[in-house]
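Hi there,

I'm handing over the structure we talked about, and below it you'll find some notes on what I found.

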Amino acid sequence: MKKEFISTSATATAEIGQRLGQAISKKTVVAFKGGLGAGKTCFTSGLAKGLGYNGDVTSPTFALINEYFGGRLPIYHFDMYRISDEDELYSIGFYDYYDQEAVIVAEWSENIEAALDGNHITVEIEGMGDNPRKITVTALDDNIIKEL
Ligand SMILES: Nc1ncnc2c1ncn2[C@@H]1O[C@H](COP(=O)(O)OP(=O)(O)OP(=O)(O)O)[C@@H](O)[C@H]1O
Ligand SMILES: [Mg+2]
C-alpha cells in the first residue's frame, strides 16, 4: 500500500516524517529514494521526533552513520551515497545494525537495494530546490500507511 503527499516546505516534509515515526512501533528499515537536496535528512529529523527522539538530526554524509538514542527505538541513520557494493556495506557494520531491534534509515538506498529483503518502508521524494516535493511512502504493512 502507498500514500502520496505534496509538501511545499521543509517544515511540512518534517511533519510527514513525524507521522511516519509515530506509526513505527517495531524494528523497521526506512529506505529513501530521491536526489541531492530532495529532503531526506529533513524528513528524517521529523521521523526521529515521531519516534520520541528529542535531539538534533544531521546529515550522516561524513560519518556515514549517525546514531540517535532516547526514543522508543534506537535510530541508525545511514548515508549510502558512497556505498557501491555489499563488501562496503559489511565493512561499515551495516549488518550488525540490521540485526538489532532498531529503526534503520538509509539515504540513497538505491545503492543498497541488493541488501534489502523487500520488507522495508520506501520514502521517495521527488523535486528539489524551492519546488514542491512529491513524497510517496510505500509499505507492505497497510497499518503504517493508514496511520499517516
Ligand atoms: N518541500 C520541501 N521539503 C524538504 N526540503 C525542502 C523543501 N523545500 C525546500 N527545502 C530545502 O531543501 C533542502 C533539503 O535538504 P536535505 O539535507 O534534507 O536533503 P537531502 O535529500 O538529505 O540531501 P542529500 O542528498 O545531500 O543528503 C533544505 O535546505 C530544505 O530547507
Ligand atoms: Mg541527506
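Let's begin with a hairpin: β3 and β4 form one, with 6 residues between the two strands. In its turn you will find Gly70, which has a positive phi of about 120°. The two strands pair in the antiparallel sense, over 4 bridges, and Glu67 stands opposite Tyr76 in β4. Please keep in mind that this is a predicted model.

What is the order of its strands? The sheet is open, has 7 strands and runs β1-β7-β6-β2-β5-β4-β3, with mixed pairing. β1 and β3 are the edge strands, each pairing on one side only. From one strand to the next, the twist averages 15°.

Next, have a look at β5. It runs parallel to β4, and 5 bridges join the two strands; Asp79 stands opposite Glu107 in β5. β2 (residues 28-33) also runs parallel to β5, joined to it by 4 bridges.

Why can we call β5 largely enclosed by the rest of the structure? The reason is that 5 of the 5 residues in this strand (residues 103-107) are buried. A residue counts as buried when 20 or more other C-beta atoms lie within 10 Å of its own. In a regular strand, side chains alternate between the two faces of the sheet. In β5, Val103, Val105 and Glu107 point one way while Ile104 and Ala106 point the other way, and all are buried.

On to the helices, starting with α2. This helix lies across β2, β3, β4, β5 and β6, running at about 165° to β5. 10 of the 11 residues of α2 are buried, so the helix is largely enclosed by the rest of the structure. Among the buried ones are Lys40, Phe43, Leu47 and Gly50. What covers them includes α1, β2, β3, β4, β5 and β6. After α2 comes Gly52, whose phi is positive, near 90°.

α1 (residues 10-23) has 14 residues and reaches 20 Å from its first C-alpha to its last, close to the 20 Å expected at 1.5 Å a residue. Its buried residues are Thr13, Ala14, Ile16, Gly17, Leu20, Gly21 and Ala23. An α-helix has 3.6 residues a turn, so residues three or four places apart point the same way. The buried residues of α1 pack against β1 (2-7), α2 (40-50), β7 (133-138) and α5 (142-146).

Which residues come nearest to ligand 1? Of the 18 residues around it, they are Thr13, Gly39, Lys40, Thr41 and Cys42. The elements that give two or more residues to this shell are α1 and α2, and the largest share, 3 residues, comes from α2. By type, the shell divides into 5 nonpolar, 9 polar and 4 charged residues.

One last stop is Ile92, found in the loop between α3 (86-91) and α4 (94-98). With 15 C-beta neighbours inside 10 Å, Ile92 counts as partly exposed. Leaving aside residues up to four places away in sequence, Ile92 touches Leu64 and Ile65. Ile92 and Leu64 are 28 residues apart along the chain, and their C-alpha atoms are separated by 8.1 Å.

That's the tour. Happy exploring!

Best wishes

Definitions and conventions:
Residues numbered from 1 in each chain as written. Chains lettered and ligands numbered in written order. Predicted model: local features only at pLDDT ≥ 70, side-chain atom pairs only at ≥ 80, totals over all residues. Expected span 1.5 Å × (residues − 1). Buried ≥ 20, exposed ≤ 12 C-beta atoms within 10 Å, placed from the backbone. Contact = placed C-beta atoms within 7 Å. Pairing = 2+ DSSP bridges. Near = placed C-beta within 6 Å. Nonpolar A, V, L, I, M, F, W, Y, C, P; charged D, E, K, R; others polar. Axes fitted to C-alpha atoms, helices over the stretch in contact; angles between N-to-C directions.
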